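Dear colleague,

Here is the structure I promised to pass on to you, with the sequence alongside. My notes on what was found in it follow below, and I would be glad if you could read them with the model open.

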Amino acid sequence: MRMNALIQRVRDLRTRVAGRIALALAVALVAALVGSGLAQDKPLDKPAEAPAAAAAAPAPKPDPGGTATGGIADVPAKEAGKPTLVEVADAVGHNKVSINVMWTLLTGFLVMFMQAGFALAETGFTRARNVAHTMMMNFMVYAIGMTGYWIMGFALQMGGLGAIGTMGGAGVLDHEFTISLFGKDFGLWGLKGFFLAGSTYDVAVFTLFLFQMVFMDTAATIPTGAMAERWKFSSFCIYGFFISMITYPLFANWVWGGGWLSQLGKNFGLGHGYVDFAGSSVVHMVGGVTALAGALVLGPRLGKYNKNGTPNPIPGHNIPMAILGCFILAFGWFGFNPGSTLAGTDLRIAVIAVNTMLASASGAIFAMCYMWLRYGKPDPSMAANGMLAGLVAITAPCAFVSSFWAFVIGAVAGVLVCWSVFFIERTFKVDDPVGAISVHGTCGAWGVVSLGIFADGTYGDGFNSVQGTVRGVLYGDGSQLIAQIIGPITNFVFIFGASYLFFKVLDAVLGMRVSAADELEGLDVPEMGAHGYPEVHGPSTIVRGLAGTAASWTPAVPAGAMTAERSR
Amino acid sequence: MKKIEAIIKPFKLDEVKEALIGAGVVGMTISEVRGFGRQKGHTEMYRGGEYTIDFLPKMKVEVAVPDDRADKVIELIASAAKTGSIGDGKVFVSTLEDVVRIRTGEHGDSAI
C-alpha cells in the first residue's frame, strides 16, 4: 500500500515538474518572438567599407492608413514615376478590363457554390436511403458537365460570339454557323473553342468559359432533383454529357451567343430581340423542361400514386439540410445575376443585386402565406421552393426593372410555383420530388415574360445591337413582349423535344430506371456500393470488423485487483 | 426474478429513470421503438398532402428485478410515466429464467 502511495507521489511530482518545464519553455519562446519583433526595425551595424550605399537608401515608410499606397509610381512607364499620357490611358484601359475580368471570375465562383446548394436541397428533400446516390448525381454533374462543356459545349454556344466587349479581347470567337431564312441570318451554333484550344487560349475567352460553364452546370443539375430516387446512375452519367454538349449550348447560342433569338430585334424589329439577362430560360427553363421530359420517361416513384391516381406525400428526410441548400442557392444568385453584366464597372450591378434579393424575399413570403392560408400550415419546403421561384423569375428581368416590379415578379412566382407543383403532381401526375419542374420550368417562363411587361427603360442601351434601352409593354414597347413569348415557346419545343427523344432512346438502350427491388430497398447500396448513412443501419456493421484483431483481445484480470481499484 | 418491459412516451424517460434509480434499481436498458395502441397514429401535412403516421415513437425501458421488488417497481414506473392522456403506454411483466453477469459469471439474483 505504501509502495503504491509512493509511486503515486512520484507520478504527481513528475507531472508537476514536467508542467513547470513546459511553462518555462513557453515563456522563453514568447519572449524571443516579441524581442525579435521589436528588434526587427533596428538597423544592423554596417561595415565601414560601404558608407555611400548606406547613406543613399532611404528608410522604408509604413502606411497604416492606406492613403499613401499606390500612386503614379505604379503606372507602368518607361521612365519610372513619369508616365506619358498614352501610358496612363493604357493603364486605365487595362485596369478597367481587370476589374471586369475579376468580377466575372469571382461571381462565377459564387455560382459554382450553387452546386452545393442544389446538392443539399435535393438530398434534404429526398429520403435517407438514397442520400449517397442523390449526392453523387449532384456531385458528378459538376465534373461531367464541365468536361462535356470544355470539349464541345462552350464552342457550340459561344464560338461565334465575336469580341467580348467588357473584356477587351481579340474577338477570337468568330465562327458562327448561320443559315439564311426570310432574307435574314439565323445563327444556329458556334464552331470555335473546342477544348479551348488554338486561338481560343486567351484570357478573355477563359474568363467567359468559367462563367458560362457554371451557368450550364446550374441547368444540368436541375433535373437530378426531379428524377431522384429512381434514376440509374450509369444512365445519368450519359445524360450529363448530353445536356452539356448539345441541348444547353444550342439554346444558349440562340440567346447569348449571337444566335437567331437574340437577333429578332435587329432582324424583325421585335424590341431588342429575345432578352434573357441571366438565364430564366437559358438556364432554368432548360433545366426544368429537361426535368419534365426525364420525369415523364422515368415514371413516378413506387408508392407515389395510388391505384385511383391520388398522390401520396413522400416527405424529405432532412428539412434543415434542404433549407441550408436553399440559402446557399440564394447566396450564389448574387453571383448569378449581377455577374451577368460581365463587368464590375457596369454599376447597374447594384440594382441587379437588390432586385434579386427582393424577389427572393417576396417569393418566399407569398409561397408561405399561400400554403398557410390554403392548407393551415406554413410548409417549410414550399417556402424554400417559393424563394427559389422568386429568384428564378427575376433572373431574366433583374437588370431591367425597378425594385417594386422585382418584388411583384417574385411574389407572383411564389404563388405560381405552388399552383404549378399541385398541377404537375395531381393533374399531370408527374412525380417531382423537389418541385424542380415548377420552380425552374414554370417560373423561368414567367420570368422571361415578365421582362416583356415590366422592363422600364432605365438600362440596356444597345442590347443585342438594338439602339435604346429595354422596355416592356407597360413602358411603351409591345414588340418586346412578343419576342419574350417566342423565346420560351422555342425553348419548350426544342428542349422538351430533344430531351424526351434522348431519354427514350437512352431508356431503350441502357435503361433509365433502377429495378423495383433496388428502389424499395434504397439506391445507396445497389448503385453506390454503400449506405450514405452507414450507422443508421446498426452498430454491428462497424463493430463486426474487430473480431480476431488486436482490439478484441483484453488481458485476463485477477478478481482481487478489480476490488482493490474500486476501493481506493 | 421478473423482467419488466415498459413502453412509455419518449419525454417521460428521464422521470422513469430517476424513479427507478431512487428505488434502488441499478441497471436498465432502453430502446427506441415505434408502436400504437388505441391511440392510433396522427396526421401530418407535407406540401399540401396529408399522410398518417401509424407507428408513433416510444421508448421501451427494460429492467430485471427480484420477485419481491417487482410490484413496487411496476407502480413506480406507471406513476412516473403517466400523463393522463392516451398514448401513455403499457408495462409488460414476465418471469426470467436466469440472469448472468458477463464479467464475473454470476447467476440469478446476485447478477441483478
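**Notes on chains B and A**

In this predicted model, strand E3 (residues 42-46) of chain B and strand E4 (residues 49-53) of chain B run antiparallel and are joined by five bridges; two strands count as paired if DSSP finds at least two bridges between them, and helices (H or I, at least four residues) and strands (E, at least two) are DSSP runs numbered from the N terminus. Within this pair, B:His42 has B:Ile53 of E4(B) as its bridge partner, and in the hairpin, where two residues lie between the strands, B:Arg47 takes a positive phi near 50°.

Residues are numbered from 1 along each chain as its sequence is written, while chains are lettered from A and ligands numbered from 1 in the order in which they are written. Because the model is predicted, local features need pLDDT of at least 70 and side-chain atom pairs count only at pLDDT 80 or more, whereas totals for chains, interfaces and linings use all residues.

Chain B also has an open sheet of four strands in the order E2-E5-E1-E6, with antiparallel pairing. Strand E2 (29-35) and strand E6 (89-95) of chain B stand at its edges, each with a single partner strand, so one side of each is left without a neighbour in the sheet. From one strand to the next the twist averages 20° (angles run from 0 to 180 degrees between N-to-C directions, and axes are lines fitted to C-alpha atoms, for helices over the stretch in contact). Strand E1 (residues 2-8) of chain B runs antiparallel to E6(B) and is joined to it by seven bridges, with B:Phe92 in E6(B) as the bridge partner of B:Glu5.

As for the two chains together, six residues of chain B are in contact with 12 residues of chain A (C-beta atoms, placed from the backbone, within 7 Å). To the side of chain B that touches chain A, E3 and E4 of chain B each supply at least two residues.

In chain A, the axes of helix H3 (residues 85-124) and helix H5 (residues 203-226) come within 9 Å and cross at roughly 15°, and H3(A) and H5(A) are therefore roughly parallel to each other (angles under 35 degrees). Among the residues that meet there are A:Val101 and A:Phe118 in H3(A) and A:Val203 and A:Phe215 in H5(A).

Best wishes

Notes
Angles under 35 degrees count as roughly parallel, over 145 as roughly antiparallel, 65 to 115 as roughly perpendicular and the rest as oblique.
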